[in-house]
Every structure is written in C-alpha cells, then in structure tokens.
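Subject: Structure for your review

Dear colleague,

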Amino acid sequence: MIVVVGGIKGGSGKTTVATNLAVIRAAEGRDVLLIDADDQETASDFTILRNERQPEAPSYTSIKLTGAAVRTETLRLRQKYQDIIIDTGGRDTTSQRAALTVADMLLVPFVPRSFDVWTLEKVGTLVTEMRAANAGLRAHAFLNRTDPRGHDNDEAAEVLKDTEALTFLDAPLGTRKAFGNAAAQGFAVTELKPQDPKATEEVMLLYRYVFDSEKISRLRAVGE
Ligand SMILES: Nc1ncnc2c1ncn2[C@@H]1O[C@H](COP(=O)(O)OP(=O)(O)OP(=O)(O)O)[C@@H](O)[C@H]1O
Ligand SMILES: [Mg+2]
C-alpha cells in the first residue's frame with residue numbers, strides 16, 4: 001500500500017499524520033518505508049530524533065526523495081516494503097505529483113479554517129488531473145486540529161463532504177498538545193507517556209480507515 005499525505009496548504013498536519021501512521025504501522029510488525037518528499041525535511045528530522053531518543057522503539061526505513069525520483073524510486077522500492085508512506089510539502093510540487101502517479105491513496109488533512117478549506121477545490125482539481133495518470137487513486141479529506149467547541153468543525157466537514165474528487169473520512173484529529181509533545185520526543189502519539197487517550201483513539205481511528213480499507217479492497221479483489 002502506498003499512501004501519500006499531501007495537499008496544497010502548509011502546516012495542515014501532513015508530517016504529523018505521516019510519521020504517526022509510519023510508527024503505528026511499524027509497531028504492527030510491518031516493513032514500512034517513510035519517504036520524505038518535502039524539501040523542509042521535517043519527517044526526516046523526526047526519524048533522526050526518534051532513532052536517537054527511542055532506539056528500542058519499533059522502527060521503519062526513512063529516505064528523502066525529490067522531483068521525478070519520487071516516482072521512479074518508489075516504483076523500485078515498492079517490491080521491498082510492505083507499506084510506503086510519502087510525506088509531501090504544502091504546495092503543488094513536482095514531488096507531490098510524482099508521488100500521486102504511483103500512490104494507492106492520498107490523505108489530505110484540512111484545518112477547519114476558511115483559508116485551508118478554500119484550497120479544497122484546487123486539491124480536487126489536482127486529484128482529477130492525477131487520475132488521468134493513475135485511475136485507481138483513492139483520495140480522502142479529513143479534519144485535523146479541530147476545535148473543542150463552536151461550529152467551525154461541522155461547517156468545514158460539510159464543505160469537505162461536498163467534493164466529488166475526494167471522499168470525506170469522518171476521523172478528525174483534535175487540537176491536542178499530545179501531538180506536539182510526542183513528536184518532540186520522537187514518539188507517535190500512541191507511544192506517549194502518560195497517554196492522551198483521546199489523541200490515541202483519534203489517530204487509531206484514522207489508521208484503521210487507511211489500512212483496513214486496503215484489507216477490505218484486497219479481500220474483494222480475490223473474491224473472499
Ligand atoms: N492535531 C494537532 N494538534 C495539535 N498540534 C498539531 C496537530 N497536528 C499538527 N500539529 C502541530 O502543527 C504544526 C504543523 O504540523 P505538521 O508539521 O504536521 O504540518 P505539515 O502539514 O507537515 O506542515 P508543512 O506544510 O510545513 O510541511 C506542528 O507543530 C504540529 O506539532
Ligand atoms: Mg510537513
């Protein structure tokens with residue numbers, strides 16, 4: 001399974017989601033490759049920190065790729081890993097487009113603020129364009145950094161549900177200090193001590209949407 005965490009808005013939580021999914025997947029015993037396709041290299045920095053601070057924790061392989069190499073190297077490496085997670089930058093880059101030509105799934109976090117949600121139409125156009133090259137590309141929008149109260153979450157969810165090119169995943173991540181605290185120690189939020197049970201529950205729901213949907217479609221494909 002090749003999952004791209006992308007979009008065209010900076011700071012929406014792509015790296016947080018990509019690194020959490022990579023760690024949780026690795027903790028399930030899978031052989032995971034995390035590809036950092038963002039020149040800011042935040043995912044790589046997280047991995048370096050994790051390897052230093054948490055040498056005993058479940059590990060994955062991490063590499064940096066840019067431009068067209070994101071496609072060619074991912075195609076080569078897909079035989080060697082069970083799952084590949086690609087973190088992209090917050091812009092419509094050659095790297096992100098290259099990733100989307102080989103991906104099974106695109107995950108796009110949206111912060112429930114108008115400026116973020118306004119990028120939805122452009123993300124929809126990007127997905128439609130990429131499907132010309134990769135017809136099987138599944139694309140999902142979900143909310144990150146939701147508010148503890150108020151109407152913004154619901155309003156943003158309604159807008160996200162309304163797009164044709166992306167399917168809305170009802171698996172929001174709340175605005176929780178635990179995400180930043182975990183990252184600062186090289187942990188996924190599920191590994192943080194003491195635990196933030198809500199953050200763990202939220203990220204596990206998202207994780208299951210992403211990886212169980214793969215199991216379901218694989219079972220369908222073999223007619224089970
Ligand atoms: N659910 C959340 N709750 C609290 N803080 C969060 C949450 N998600 C992300 N953050 C914080 O928001 C900041 C931006 O997150 P992150 O780096 O994952 O975004 P990004 O989309 O990868 O950004 P960029 O576009 O710069 O690559 C980080 O400090 C991160 O810890
Ligand atoms: Mg990032």
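R97 is partly exposed, with a relative accessible area of 26%. In this predicted model, the side chain of R97 meets that of E129 in a salt bridge, at 3.0 Å from N to O. The two partners belong to distant parts of the chain: R97 sits in helix α4 (residues 94-102) and E129 in helix α6 (residues 120-131), 32 residues apart. E129 is likewise partly exposed, since its relative accessibility is 41%.

A second pair links R113 and D147, whose closest N and O atoms are 2.9 Å apart. R113, at 34%, counts as partly exposed.

There is also a salt bridge within a helix. E73 pairs with R76, with 3.0 Å between the closest N and O atoms. Both residues belong to helix α3 (residues 69-77), and because they are three residues apart there, about one helical turn separates them. E73 is partly exposed at 24% relative accessibility, and R76 is partly exposed at 47%.

In total, the count comes to 11 salt bridges. Shared partners join R25, R30 and D83 into one network of salt bridges.

Turning to the spaces, the largest pocket holds about 510 Å³. Its lining comprises 27 residues, and those nearest its centre are G11, G13, K14, T15 and T16. Two or more lining residues come from each of α1 (14-27), α2 (42-53), β4 (83-88), β6 (138-146) and α8 (177-184). Helix α1 gives the most, with five residues. By residue class, the pocket lining divides into 17 polar, five nonpolar and five charged residues.

The model also has one cavity of 30 Å³ or more. The volume of the largest cavity is about 40 Å³, and its lining consists of G6, G7, I8, K9, S12, V108, P109, F110, T119 and V123. Strand β5 (residues 105-110) supplies the largest share of that lining, three residues. Five of the cavity-lining residues are nonpolar, four are polar and one is charged.

Yours sincerely

Technical notes. Residues numbered from 1 in each chain as written. Chains lettered and ligands numbered in written order. Predicted model: local features only at pLDDT ≥ 70, side-chain atom pairs only at ≥ 80, totals over all residues. Heavy atoms only, no water. 1 Å grid on protein atoms, 1.4 Å probe; cavity = no way out; pocket = protein on both sides within 12 Å on 5 of 7 lines; lining within 4 Å. Points joined across faces, edges and corners; volume = space filled by probe spheres on them. Helix = DSSP H or I, 4+ residues; strand = E, 2+ residues; numbered from the N terminus. Nonpolar A, V, L, I, M, F, W, Y, C, P; charged D, E, K, R; others polar. Salt bridge = Lys/Arg side-chain N within 4 Å of Asp/Glu carboxyl O. Buried < 20%, exposed > 50% of the residue type's maximum accessible area, 1.4 Å probe, protein only.
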